Amino acid sequence: MSESQQNSHRKKTPVGRWHWIVGIALLLIVVITVVGILIFNARPILRTRVIETLSTRFKSKVELDAFDVSLVKGLQVSGEGLRLFGDGDPNNHEPGVQPLIDVAEFRFRMGILDFLRSPMRVKTVYVKGLKLNLPPREQRAQMKNMGPEGGKIKILVDSLVCDEAQLIINTLRPGKLPLEFDIKSVKMTSIGPDGPMHFDADLINPRPVGNVLSGGSFGPWQADSPRDTPVSGTYSFNHADLGTIKGIGGILSSTGEYGGTLDNIIVDGKTDTPDFRIATSGRIVPLHTEFHAIVDGTSGDTYLQPVRAKILDSWVVANGSVVRTQDPNGHRVELEVAIEKGKIEDLLKLAVRTDPPIMTGLVRLKTKFDLPPGEPDVPNRLKLAGTFQVSGAHFPNRKLQAKVDALSRRSQGKPKLAQDKIPDDVSSDLKGSFSLANGIISFSELAFQVPGTRVNLTGKYSLDGNQFDFHGKARMDAKRSQMVTGWKAILLKPADPFFSKNGAGTELPVKVTGTKSEPHFGSDFGHKDDDGGKSAKFSQRK
């Protein structure tokens, strides 16, 4: 190559390269300028798209108090005071018009490329202070209109993570307050209008206080009939302190599974409380339950069908409901309770402070159980009304059992055997009708029977064991003179005709009074009935 050609080549090469460099630089400047303009306008653009997406998705009026965008590893978006309104006020218990959805704070991050796409895609939205106001059943028709119709979804969200949420299910039913659920945290994935959402939630149960962990699926949302929205999952409820309910105590744990629709959730589960106790006795007994329940998730009302509870070695079966009330505020428990073959000592260990239990034996029981809400302890709020039967009863108190043994022997005309020191351990049978209110058991009929004696009583017995007050009639097979020995028998013989009544050898008015530690048995000639007469006429039923 000639010298002139070489010089020419050296001059042209830098010029060609500079054309490329300048072109690339100009392109970068254009791109940076465009991106800069977009970033500069990201705040109003994103704000508009958030509002348009929510307004389109829910066909709702949207309010947003504060919105901010910053460049931190992409676009960091945050906002405060986000509210979505329905056609009316879902909660008339609060002043002003309440939004259906109220978000205190939210934030999410997205890359530049995600920002430039349409629709934008956000991997995770973080929310704090979410309040959902589900309207009363009569007003939920407005929610069927809250669906994507027309417009365009500008932002797609893959998952939602929420802390400090609250679900409020409102009602127009007289005497009932809204049902409120406090949710510590919840994560939802597969968010979309056309399919179910998976969720993992950590809820705070107010009474008894404890955490509920639950995971499952919810949806798709049935806008035309929200009550038919499917729901399913499992739960665990651990370290629930029953001491937060007045009158009882213990630490409860529960696990189970559920499925169905929002207004008809079928729950199967079990609970264990190894240290269950009630205030009247203070004695710890293990309590295990297995239950099948139907829950109306729109009201919180629960229908138990049934609950099987094991108290020590006795099974109790209950059917009924737990319904929220307003006056007084709380839940009312109404059950039909039955024990087919239990141990009376198991029930007494739970309910009565006496140690050891005053009685042992087999028990059958049917009762209505009514526990209204209120401030007093559970034993003072609990109401019972039912019947029972105890067979083969014995009294661990040897002094008390010895009196029963002696009564049986004397009433059979064997007074000498009643005076020996050999324990007879005569078994007793009891049956009756009872009611419980304010910690006092009242017996409208109490029949007690041992060989040779049948006793009918009415009276009251306090759950703390400090009050016995029973009055009635005792019928013995033997005559009065046959129940004693020696000269007493001779003296009483002329009086036998006066006490031989209604086919019995002897009929006497009797009473049982005193306390759990010092019960007193005796004749009751001075007691008068409510009508002013002497002791009540003996019932012929056995």
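Helices (H or I, at least four residues) and strands (E, at least two) are DSSP runs, numbered from the N terminus. On that basis, G522 lies in strand β24, residues 519-523. Keep G522 for the last stop.

This is a predicted model: local features need pLDDT of at least 70, side-chain atom pairs count only at pLDDT 80 or more, and totals for chains, interfaces and linings use all residues. Residues are numbered from 1 along each chain as its sequence is written, and side-chain values use heavy atoms, with hydrogens and water left out.

**Whole chain**

Show the protein chain as a cartoon. It has 9 helices and 24 strands. Buried residues (under 20% relative accessible area; exposed is over 50%, partly exposed in between; 1.4 Å probe, protein chains only) account for 42% of its 542 residues. Switch to a surface. The accessible area (Shrake-Rupley method, 1.4 Å probe; for residues, only the protein chains shown count as cover) is about 29100 Å² for the protein chain, and 57% of that belongs to carbon and sulfur atoms. Now consider contacts, meaning heavy atoms within 4.5 Å. Of those between residues at least 6 apart in sequence, 54% join residues at least 24 apart.

Select residues 285-295, strand β13. Two strands pair if DSSP finds at least two bridges between them. β13 pairs with β12 in the antiparallel sense, over 10 bridges. Pick V267; its bridge partner in β13 is A293. β14 runs antiparallel to β13, and 8 bridges join them. Pick I294 and look across to Y303 in β14, which stands opposite.

**T271**

Go to T271 in β12, residues 264-278. Is T271 buried or exposed? T271 is buried, because its relative accessible area is 11%. Show side chains. A polar contact (a pair of N or O atoms within 3.5 Å; within protein, one must be able to donate a hydrogen and the other to accept it, and residues adjacent in sequence count only if both atoms are side-chain atoms) links the side chains of T271 and T289 at 2.4 Å. Now select what T271 touches, leaving out residues up to four places away in sequence: L252, S253, S254, L287, H288, T289 and F291.

**G522**

Finish at G522. G522 counts as partly exposed, because its relative accessibility is 27%. Which residues does G522 touch, not counting those up to four places away in sequence? They are P509, V510 and K511. Draw a C-alpha distance from G522 to P509: 8.6 Å, with the two residues 13 apart along the chain.
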